[in-house]
Amino acid sequence: MPAVVARQSAGFRAEAGCLRPVSLEDDSDEALMLAVAARRQQAFRVLMARHMPSAIRIAQRIVRDAAEADDIGQEAFLRVWNKASSFDPDIARFSTWLYRIVLNLSFDRTRKPRHAPIEDAAEVAAGDPAPVETLIAAQQQRLLEAALAELPERQRGAIALFHMEGLSGEEAARAMNLSPKAFESLLGRARLALKKEVERQQDDRRRA
């Protein structure tokens, strides 16, 4: 084994005639997945730290429940660990592969009967005063969230990936196992449905 390779395998990287410790934080997702497939737990922890927040956010957009979204994120990464050897970076980026797992788990959860806990039946507003701009922004956000909740699950997924997580159309299409053209059509329907639902809820509030 060449000397440089030997030093790298010992946990050091040669740079400009000196050695520095190898940090998995610097590795790409795809390189980390090779390490995860080799059952390196440290690489798995780095991937979780990078992507668990976005996995939970996407799940929550679909299932509308923070605790369930957290469960989905945990289950998604359990599948990442168990199926690491099946990941192919030539087919998809890691994030795209992960989001497909998250979406499938989320869609499965939405098809099961749900019972809201009694403590969620009423929302108590904070007693501290807030600036008017903050109140307006919060109200608009609640209106958008309520409208989004009325969309079919796949339309919610398209909006979450493209508009809220910033994936490209191609990446979002792969995550949803759709062709780019089919995803574009789904996203167009989702945008139109969301706009109509926001307008309907605004009209309802004005009449109330």
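A residue counts as buried if its relative accessible area is under 20%, as exposed if over 50%, and as partly exposed in between (1.4 Å probe, protein chains only). With that in hand, let us tour the structure. The model is predicted, so local features need pLDDT of at least 70 and side-chain atom pairs count only at pLDDT 80 or more, while totals for chains, interfaces and linings use all residues. Residues are numbered from 1 along each chain as its sequence is written, and side-chain values use heavy atoms, leaving out hydrogens and water.

**Figure 1**
Helices (H or I, at least four residues) and strands (E, at least two) are DSSP runs, numbered from the N terminus. What share of the 208 residues is buried? Buried residues make up 36% of them. The chain exposes about 12,800 Å², with carbon and sulfur atoms supplying 53% of that area; accessible areas come from the Shrake-Rupley method with a 1.4 Å probe, and for residues only the protein chains shown count as cover. Contact means heavy atoms within 4.5 Å. Among contacts between residues at least 6 apart in sequence, 62% join residues at least 24 apart.

**Figure 2. Helix H2 crosses helix H3.**
Here you see H2 (residues 29-37) and H3 (residues 41-63), whose axes come within 8 Å and cross at roughly 140 degrees. Axes are lines fitted to C-alpha atoms, for helices over the stretch in contact, and angles run from 0 to 180 degrees between N-to-C directions. H2 and H3 are therefore oblique to each other: angles under 35 degrees count as roughly parallel, over 145 as roughly antiparallel, 65 to 115 as roughly perpendicular and the rest as oblique. Is the crossing of H2 and H3 left-handed or right-handed? It is left-handed, meaning that the near helix is turned anticlockwise from the far one by less than a right angle, whereas clockwise would be right-handed. On the H2 side, the contact is made by Asp29, Leu32, Met33, Ala35 and Val36, and on the H3 side by Ala43, Phe44, Val46, Leu47, Arg50 and His51. These residues divide into 8 nonpolar, 1 polar and 2 charged. In this scheme Ala, Val, Leu, Ile, Met, Phe, Trp, Tyr, Cys and Pro count as nonpolar, Asp, Glu, Lys and Arg as charged, and the others, Gly among them, as polar.

**Figure 3. Helix H4 meets helix H5 in a right-handed crossing.**
The axes of H4 (residues 66-82) and H5 (residues 94-110) come within 9 Å and cross at roughly 130 degrees. H4 and H5 are therefore oblique to each other. Look for Ile72, Phe77 and Val80 among the contact residues of H4, and for Trp97, Leu98 and Ile101 among those of H5. By class, the contact of H4 with H5 holds 10 nonpolar, 1 polar and 5 charged residues.

**Figure 4. Helix H7 packs across helix H9, where Leu187 is found.**
Helix H7 (residues 153-164) and helix H9 (residues 180-207) have axes that come within 9 Å and cross at roughly 100 degrees. That makes H7 roughly perpendicular to H9. H7 brings Arg154, Gln155, Ala158, Ile159, Phe162 and His163 to the contact, while the residues from H9 include Phe183, Leu186, Leu187 and Ala190. The contact has 9 nonpolar, 2 polar and 3 charged residues. Now find Leu187: at 5% relative accessibility, it counts as buried. Not counting residues up to four places away in sequence, Leu187 touches Ala158, Ile159, Phe162 and His163.

**Figure 5. Leu161 sits in helix H7.**
How much relative accessible area does Leu161 have? Leu161 is buried, with 0%. Leaving aside residues up to four places away in sequence, Leu161 touches Ile58, Tyr99, Leu103, Gly166, Leu167, Ala172, Ala175 and Met176. One of these, Gly166, follows H7 and has a positive phi, near 75 degrees. Leu161 and Glu171 are 10 residues apart in sequence, and their C-alpha atoms are 8.8 Å apart. Other buried residues of H7 include Gly157, Ala158, Ile159 and Ala160.

**Figure 6. Glu145 lies in helix H6.**
Helix H6 spans residues 132-149. Glu145 counts as buried, at 18% relative accessibility. Which residues does Glu145 touch, not counting those up to four places away in sequence? They are Arg61 and Arg64.
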